[in-house]
Structures are given as structure tokens and as C-alpha cells.
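Here is a friendly walk through the structure shown below. Keep the sequence at hand as you read.

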Amino acid sequence: MLRAKGITKSYGKLNVLKGIDLEIKANEIVSIMGASGAGKSTLLQILGTLDTPKEGSVWIDDVEVTRLNGDKLAQFRNEKIGFVFQFHNLLPEFTALENVCMPALIAGKELDDVKEKGQKLMELLNIGHRTEHKPSEMSGGEQQRCAIARALINDPLIIFADEPSGNLDSENAKSLHQLFIELRDNFNQTFVIVTHNRELAKNADRQLWMRDGIIESMVTE
Ligand SMILES: Nc1ncnc2c1ncn2[C@@H]1O[C@H](COP(=O)(O)OP(=O)(O)OP(=O)(O)O)[C@@H](O)[C@H]1O
């Protein structure tokens with residue numbers, strides 16, 4: 001599903017990633033753990049095509065995404081990749097359902113054609129009663145579920161999540177973690193999740209530990 005080879009990244013003299021090799025299989029939840037500053041978010045951004053490495057390549061579904069740019073990269077990202085961040089980044093002036101449908105609209109679909117799918121995803125994620133709410137009218141947990149529904153709307157190959165439960169209380173964090181597992185089990189979804197949450201990391205199929213820009217160890221559950 002995803003393969004990365006020889007990934008390096010520097011900011012000035014600071015070598016943040018020092019040669020990362022990684023493979024992620026379809027239908028796998030991989031968590032990325034490690035101390036603050038180890039390079040976790042930088043790696044996730046590069047794997048998710050939001051940033052480019054200094055050296056090395058990333059392939060997703062046999063496409064060398066590190067060679068894509070401009071419209072081709074934007075289209076690949078929109079159609080094949082889902083993102084979930086700590087702060088959900090929902091657009092405040094749109095309803096929850098419109099937010100969920102947004103990546104499909106960007107892909108050129110009409111709202112009327114994707115509304116039903118958006119509604120179904122929201123029901124699946126237990127926020128079906130919130131479709132017409134604005135993000136500010138929803139709880140933190142509901143907003144994060146809404147962001148996950150948005151990540152799912154284009155049936156992505158892989159979802160990248162950066163501290164998805166970082167802003168949630170422990171009850172909401174637990175149910176979000178359960179949701180990742182359900183999506184893997186019932187929809188064959190693949191996740192790469194940067195987290196400091198050990199419970200979430202433990203529920204992953206593999207825990208990847210980073211230290212100072214390298215993968216220090218890999219733990220398979
Ligand atoms: N745009 C940037 N410019 C300069 N330095 C950066 C930039 N982005 C990240 N860094 C530095 O790169 C290093 C790795 O950052 P990164 O965000 O990947 O770490 P992390 O492991 O995700 O940390 P955290 O757990 O605190 O989020 C840090 O020392 C950070 O200060």
C-alpha cells in the first residue's frame with residue numbers, strides 16, 4: 001500500500017529525518033510514537049504528500065508520489081488520501097454535512113450527488129443527528145468524528161492522522177480509537193497515526209518508535 005525509501009529532511013543544519021525506510025500494508029493501523037521533536041509529524045507530512053523530502057521516495061499504491069507535483073499531486077491527494085488532524089480544521093461557515101462533502105465537491109462532484117453518502121457516513125460515525133449543525137454547535141468529539149467522515153468521503157486508500165485524539169477527553173479519545181478499529185475491520189481502511197496516546201498506539205497493528213529522525217524500533221501487536 002505504502003512504501004518509503006531513504007527519506008531524509010533537513011531544516012537548515014537540523015537533520016530532522018535521517019533515512020527512513022518503511023512499508024505499510026493495506027488494512028493495517030500503524031502508530032508512530034516517540035519523544036517530542038523526534039520527527040513524527042514531519043514524517044507523516046511527507047508520507048501524506050503534504051511535504052517533500054530532501055532525499056528518498058514514497059510510493060502509494062505503486063505511484064511514486066514524490067515525483068508528482070502541481071495538479072496531478074493535488075488530484076492524487078484529494079482522491080486517494082484522507083487526513084485527520086488534532087484540530088479538526090472544519091470550515092466554520094459550512095454545516096457539518098457540507099464539511100463532510102467538501103473533498104468530494106473539490107473533486108468535481110455535485111453536493112446533491114454526495115449528500116446521501118455524507119449523511120450515511122455521519123450516521124455510521126454516530127453524528128447523523130448533527131448534519132445541519134455548524135462546527136461551533138458540535139462537541140469536540142463530534143467535530144473530530146465529522147473530520148473523520150470528511151476524510152472518508154472519497155474512499156481514500158489511506159488515512160493519515162496527526163494526534164487525532166490530542167484534543168479530546170479520555171472518554172471521547174477511547175471511542176475515537178474504537179472507531180479506527182471498526183473502520184479497519186469493516187471497511188478495510190488503512191491508517192497511519194502519529195500519537196502520544198499509548199492506549200491508541202497499543203490498539204494499532206504496529207507501533208513504530210522514532211528517535212532523533214530514525215525509526216528506533218517497531219513493535220507488532
Ligand atoms: N518548518 C520547520 N522549520 C524549522 N524546523 C522545523 C519545522 N518543522 C519542524 N521543525 C523541527 O523539526 C523537528 C521535528 O519536528 P516534528 O514536528 O516532526 O516532531 P514531532 O516528533 O512530531 O514532535 P511533537 O511530538 O512535539 O509534535 C523539531 O525539532 C522541530 O522544531
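## A parallel pair and its sheet

Strands S7 (residues 158–162) and S8 (residues 191–194) run parallel and are joined by four bridges. Within this pair, isoleucine 159 stands opposite phenylalanine 191 of S8. Please keep in mind that the model is predicted.

Both strands belong to an open sheet of six, ordered S6-S7-S8-S3-S9-S10, and its pairing is mixed. The edges are taken by strand S6 (81–85) and S10; each has a single partner strand, so one side of each is left without a neighbour in the sheet. On average, and ignoring direction, neighbouring strands of this sheet are turned by 20° against each other.

## The hairpin of S9 and S10

Strand S9 (residues 206–211) and strand S10 (residues 214–220) run antiparallel, with six bridges joining them. Arginine 206 is found opposite threonine 220 in S10. Two residues lie between the strands of this hairpin, where aspartate 212 takes a positive phi near 50°.

## The four-stranded sheet

What is the strand order in the open sheet of four strands? The order is S2-S1-S4-S5, and the pairing is antiparallel. Strand S2 (14–24) and strand S5 (63–64) stand at its edges, and because each has a single partner strand, one side of each lacks a neighbour in the sheet.

S5 pairs with strand S4 (residues 55–60) in the antiparallel sense over two bridges. Isoleucine 60 has valine 63 in S5 as its bridge partner.

## Helix H1 and its surroundings

Helix H1 (residues 40–47) has contacts with strands of both sheets.

Why is H1 described as largely enclosed by the rest of the structure? Six of its eight residues are buried, which is the reason for that description. The buried residues of H1 are Lys40, Thr42, Leu43, Leu44, Ile46 and Leu47. After H1 comes threonine 49, with a positive phi near 70°.

## Around the ligand

Which residues surround the ligand? They are Tyr11, Val16, Gly34, Ser36, Gly37, Ala38, Gly39, Lys40, Ser41 and Thr42. H1 supplies the largest share of the shell, three residues.

## Glutamine 86

Glutamine 86 sits in the loop between S6 and helix H3 (96–106).

Leaving aside residues up to four places away in sequence, glutamine 86 touches Asp162, Glu163, Pro164, Gly166 and Asn167. Serine 136 is 50 residues away from glutamine 86 in sequence, and their C-alpha atoms are 16 Å apart in space.

## The annotated span

In an unreviewed entry, UniProt lists residues 2–221 under "domain: ABC transporter". In this model, that span is 37% helix and 28% strand, and its end C-alpha atoms lie 20 Å apart.

Key:
Residues numbered from 1 in each chain as written. Predicted model: local features only at pLDDT ≥ 70, side-chain atom pairs only at ≥ 80, totals over all residues. Pairing = 2+ DSSP bridges. Near = placed C-beta within 6 Å. Axes fitted to C-alpha atoms, helices over the stretch in contact; angles between N-to-C directions. Contact = placed C-beta atoms within 7 Å. UniProt positions renumbered as here; feature names shortened; annotations may be inferred. Buried ≥ 20, exposed ≤ 12 C-beta atoms within 10 Å, placed from the backbone.
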